[in-house]
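Please walk me through this protein.

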Amino acid sequence: MLTYTPEAEAFRVEVKAWLTENLPKGWFNEGFEMTNDERKKFNLEWPSKLFAGGWICATWPKEYGGKGLNTLQGVVLAEEFANAKAPMRADFFGDTLVGPTLLQWGTEEQKKEFLPQILSGKMRWCQGFSEPNSGSDLASLKTTAVLDGDEWVINGQKVWTTLGHEADIGMLIARTDPNAPKNKGITYFGVDMHAPGVEIRPLVHMTGEHEFNEVFLNEVRIPDLWRISDVNDGWAASTASLSAERITLSGQKTGGPQKRSILGGKTIDELIALAQSRTLSAVQRERVVKCYIDARVLGLTVQRVKGPAGSITKIMKAKSNQEVQLVALDILGAHVTAWDSADDEMLKYVREFLRTRANSIEGGTSEIQRNIVGERVLGLPREPDVWQGKAWREVPRS
């Protein structure tokens, strides 16, 4: 049985007390529900309460608005918010990707400019990394940034930009030296998503929802003050962002895989509740038990691995989450292929199943994560690359 230090348990009591005092009356009662108006009011007011309580990005240093929590306190905080089913962030990309990157790579001026606005929820971010033909091989990107006085002129295209249509600022990596090897001539910027020359086009996925976008950048100007990395050293900074994303998508910041599904879909607890409401075959019961075991192992592994080894839990989380959704549909049977148009709950199951097919792709494919585990955790040799060390402009591209 996993145990915590007395100090961590004392902190747990503090978090529970705050949640009890600040969540709506009746929140912890069985069957509690809010009307649409009450939910809208809660969604508007809750970020301000989180900010006032100091719970958004509470592991950040105190000088930048955090509480300076240690790792174990951060785990306890995530667990208690997950147990209470209470949201605990202002902006996904700002909280989980931009903040850690700025803390490591940003200037003091950038930290003071951006971090408070992330914490208060006044600034929303998106990620402008992937490009057509530069997804898994991200370092082959061809969006360019050329210095003109004290501004950089950006030209190129990004794709799969999640929530780019709602963002204020984008994380952007662009090629600043085509004569350097492909991962050496890249620089990391922040870009105003409302700037002249930024065009955002929606990409509607198979569930019918608009989450992703393609972004075209035509002569977009970025002040050098918004350059986050050293010139031509953006690959290391972008790796910090990708590592933070991998940690989040692995379940390491959600209080464990049973409590909240950061990747979407039903949690293992919800699957068990569904199973208990139906008559299952022996095979179905076995599959539910297997899902539970996988979730428990994942939860323990999440608390054990750090650094590049986080790719292990990223792989496990995607596989586990997809299987939970698949087993849920199997239990529901024929209802998931033909359901009453008024049955919103059945439609939700289907949409969640379809959406979670992307779990093994988003945030770095499972194949790429296995490469990271092999090369950076196990120390296996890298795959041969005849173009390694060659100038980017010399490397063949489709």
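**Helix packing and overall build**

Phe92, Thr96, Leu97, Pro100, Thr101, Gln104 and Trp105 of H4 touch Ala236, Ala237, Ala240, Ser241, Ala244, Glu245, Thr248 and Leu249 of H6. Contact means heavy atoms within 4.5 Å. Helices (H or I, at least four residues) and strands (E, at least two) are DSSP runs, numbered from the N terminus. The model is predicted: local features need pLDDT of at least 70, side-chain atom pairs count only at pLDDT 80 or more, and totals for chains, interfaces and linings use all residues. Residues are numbered from 1 along each chain as its sequence is written, and side-chain values use heavy atoms, with hydrogens and water left out.

Q: How many nonpolar residues does the contact of H4 with H6 have?
A: Ala, Val, Leu, Ile, Met, Phe, Trp, Tyr, Cys and Pro count as nonpolar, Asp, Glu, Lys and Arg as charged, and the others, Gly among them, as polar. By these classes the contact of H4 with H6 has 1 charged residue, 5 polar and, as nonpolar, 9.

Q: Which term describes how H4 and H6 lie to each other?
A: H4 (residues 92-105) and H6 pack with axes 9 Å apart, at an angle of about 140°. Axes are lines fitted to C-alpha atoms, for helices over the stretch in contact, and angles run from 0 to 180 degrees between N-to-C directions. Angles under 35 degrees count as roughly parallel, over 145 as roughly antiparallel, 65 to 115 as roughly perpendicular and the rest as oblique. H4 and H6 are therefore oblique.

Q: Is the crossing of H9 and H11 left-handed or right-handed?
A: The axes of H9 (residues 310-332) and H11 (residues 366-377) come within 8 Å and cross at roughly 150°. The two helices are therefore roughly antiparallel. A crossing is left-handed if the near helix is turned anticlockwise from the far one by less than a right angle, and right-handed if clockwise. The crossing of H9 and H11 is left-handed.

Q: Which residues of H11 make the contact with H9?
A: On the H9 side are Ser311, Ile312, Lys314 and Ile315. The residues of this contact divide into 4 nonpolar, 3 polar and 2 charged. From H11 come Ser366, Gln369, Arg370, Ile372 and Val373.

Q: What covers the buried residues of H11?
A: Buried means under 20% relative accessible area, exposed over 50%, partly exposed in between (1.4 Å probe, protein chains only). In H11, the buried residues are Ser366, Gln369, Ile372, Val373 and Gly374. Their cover includes H6 (234-249) and H9.

Q: Is Gly149 buried or exposed?
A: Gly149 sits in the loop between S2 (144-148) and S3 (151-159). Its C-alpha is 30 Å from that of Pro132, though the two are 17 residues apart in sequence. At 62% relative accessibility, Gly149 counts as exposed.

Q: What is the separation of the C-alpha atoms of Lys16 and Phe81?
A: Lys16 belongs to H1 (residues 6-22). At 43% relative accessibility, Lys16 counts as partly exposed. Phe81 is 65 residues away along the chain, yet the C-alpha separation is 8.3 Å.
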